[in-house]
Amino acid sequence: MADASGGGDDDLLRDFVARRADLLGYLRAIAPPDLVEDSFQEVFLVVHRRLADFRRDGDFLAWVRGIARNCVRQLLRRAGRLHCLPDGELQVLIDQAAAELEDETEPAGVDRLRRCLGRLTAPHRRIIELRYALDRPLAAIAREIGSTEGSVQVTLSRLRASLADCLGRGRSAA
Amino acid sequence: MSDADELVLLHGRLVEGVLDDAGRDRLRVLLADAQLRRRFAMLLRVDGGLRELHRMPVTVRRTRRRPTTRSRLPLWQPALAAAVLAALGLIVWLARPVTPASAAPLAVWLDGDARPSPTAAAPQAVGPGHLRLSDGSRLELDPGCTASLAADGGVRLAQGRLRAVVVPQDPGRRLVVRTEHADVRVLGTIFDVAVGSAGTEVGVERGRVEVAPQGRPVQQVAAGAAVLVPPQGAVRPAPPPSWSIDLADAGARVGWVGKPRPDGLELAFDAEVSAAYKVPTWNLLAPDPGVVGLAAFADAGELRWEVSVARRTLVAINVQMWGRDGGAWRGTVQRQETLEPGRHRLVWPLRTFQAREGATLAAMQGMPIRKLIVVTWDGEAAVTVHRFALGRPVAE
């Protein structure tokens, strides 16, 4: 597939790969958790397969998001779970948020996020690791750290917010 | 609580898949504000970034250790042993070549596995287990699978079967799985590679891979197809990886009507049984003489399957043996398990199934497998079966 692509396609693919984290974040907002990995794989395959169809004067990342939405819809339809899709208005707002961030900023490097993580306390880093590295359900994390599921969810939300602040500070300092 | 704080919590519920209708309504209102929308976008970025970052080896810490028998020894023995080991370690360390990169992990074990990560100095990985490569790709090693990882991202498969779930690759870079018979090159896809005495078998679930047999022409293998690269002679088509049925791809859940597939397998919602027992039940019917890849029940066989459950639920698999003429039911074995929420990849050896209705496992030996039945007690929406694999362990 890549062999059929020219140098311009390589640039697009590089941009796509560099923004992998943003795509994952977007998919996690529009797809049920158990379908995110599958959706991610599908998006990659479709983008490669249809790269030649992309109009060069178009918005590449918007095109990728469109593919992502279709992949999620397709997987949900196959699973008989179309009701899990965000409604139209919410979907538009999520898209708008993602597009505005892309316009304003370069893709977030994992190094910067890693530095921000390093500023968290060890117990907080542990919660992040349990959820993101080991895919532990919230209930299992709660059992492990002696807390409740709701409390773990709130803690994770606040940790993400704190990391977002840290990333924001890094950008304004740079 | 400020709107910004509320937004953070709503985003958390959204990505955990537990945001209710009222939450969605509120999120819609908040996202109409440009400042909050920007905040939300940063949360998306952090969330995706954490997913991405934790695919990298350096962030995973090992917390569980294997139990040791040290406490059973007299007190002076561990002290002496520690001193000797420390001295030996110091000598080895002083004499070591300076190759810091050799200690860097090439991949990490997932599932909370406490095994040391493969490194350039010790690149071997032995299944069962799931490995996350530094680019985020995942290798699922079956029991007995032995593979070595290389610093360039390549994988050498010495024996057994692995399943590769490959993430987008940088342009110009391809993940290569090498066996003694062939190189399997991939851009981004899902496929199985198995090495046995008959050669190397490559089956592609999604995407397309390129198989480069030693000294023979390169060929591409498309999704749903498989080839066998024998030690010598021409590459030939192999039974498709249809013992591995991806239910999402099969479109089988749409309506749950029996749907013929090119490989002859058929999946059907069993309305009669579902109604009679008040539990959703699906049947996977195989053409005689049995499910491709395992024609007959054997102790050594195993069922591998991948399933997601939305909440804690009990699921069961029934394996039915029918006569060779396809006409008469001969016996059923069953295994059931309560699964926690999340996605599970399960390997259930057939010897761990219970024979039903007075039958015995011994009596099932050699009987043609005709039907797999998935039974759940928690409704269709709660359970999604992604994939079945029924076969003999490759190392055999």
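In this predicted model, the side chains of Asp165(A) and Arg39(B) form a salt bridge with an N to O distance of 2.5 Å. Asp165(A) belongs to helix α9 (residues 149-173) of chain A and Arg39(B) to helix α3 (residues 34-53) of chain B, so this pair joins two chains. Asp165(A) is partly exposed, at 33% relative accessibility. Over all chains, the count of salt bridges is 17.

**Packing of α7(A) and α8(A)**

- Helix α7 (residues 122-133) and helix α8 (residues 138-145) of chain A pack at an angle of about 145 degrees, and their axes are 10 Å apart.
- The two helices, α7(A) and α8(A), cross in a right-handed sense.
- From α7(A), the residues Arg126(A), Ile127(A), Leu130(A) and Arg131(A) meet Leu138(A), Ile141(A), Glu144(A) and Ile145(A) of α8(A).
- The residues of this contact comprise five nonpolar and three charged, with no polar ones.

- A salt bridge connects the side chains of Glu144(A) and Arg126(A), at 3.0 Å from N to O.
- Because Glu144(A) lies in helix α8 and Arg126(A) in helix α7 of chain A, the pair ties together parts 18 residues apart in sequence.
- Glu144(A) is partly exposed, with a relative accessible area of 42%, whereas Arg126(A) is buried, with 19%.
- Arg126(A) and Glu144(A) are linked with Glu129(A) and Arg136(A) in a network of salt bridges.

- The side chains of Arg65(A) and Asp95(A) form a salt bridge at 3.3 Å, N to O.
- This pair links distant parts of the chain, 30 residues apart: Arg65(A) is in helix α4 (residues 60-78) and Asp95(A) in helix α5 (residues 88-104) of chain A.
- Arg65(A) counts as buried at 6% relative accessibility, and Asp95(A) counts as buried at 12%.

Technical notes:
Residues are numbered from 1 along each chain as its sequence is written. Chains are lettered from A and ligands numbered from 1 in the order in which they are written. This is a predicted model: local features need pLDDT of at least 70, side-chain atom pairs count only at pLDDT 80 or more; totals for chains, interfaces and linings use all residues. Side-chain values use heavy atoms; hydrogens and water are left out. Axes are lines fitted to C-alpha atoms, for helices over the stretch in contact, and angles run from 0 to 180 degrees between N-to-C directions. Helices (H or I, at least four residues) and strands (E, at least two) are DSSP runs, numbered from the N terminus. A crossing is left-handed if the near helix is turned anticlockwise from the far one by less than a right angle, and right-handed if clockwise. Contact means heavy atoms within 4.5 Å. Ala, Val, Leu, Ile, Met, Phe, Trp, Tyr, Cys and Pro count as nonpolar, Asp, Glu, Lys and Arg as charged, and the others, Gly among them, as polar. A salt bridge is a side-chain nitrogen of Lys or Arg within 4 Å of a carboxyl oxygen of Asp or Glu. Buried means under 20% relative accessible area, exposed over 50%, partly exposed in between (1.4 Å probe, protein chains only).
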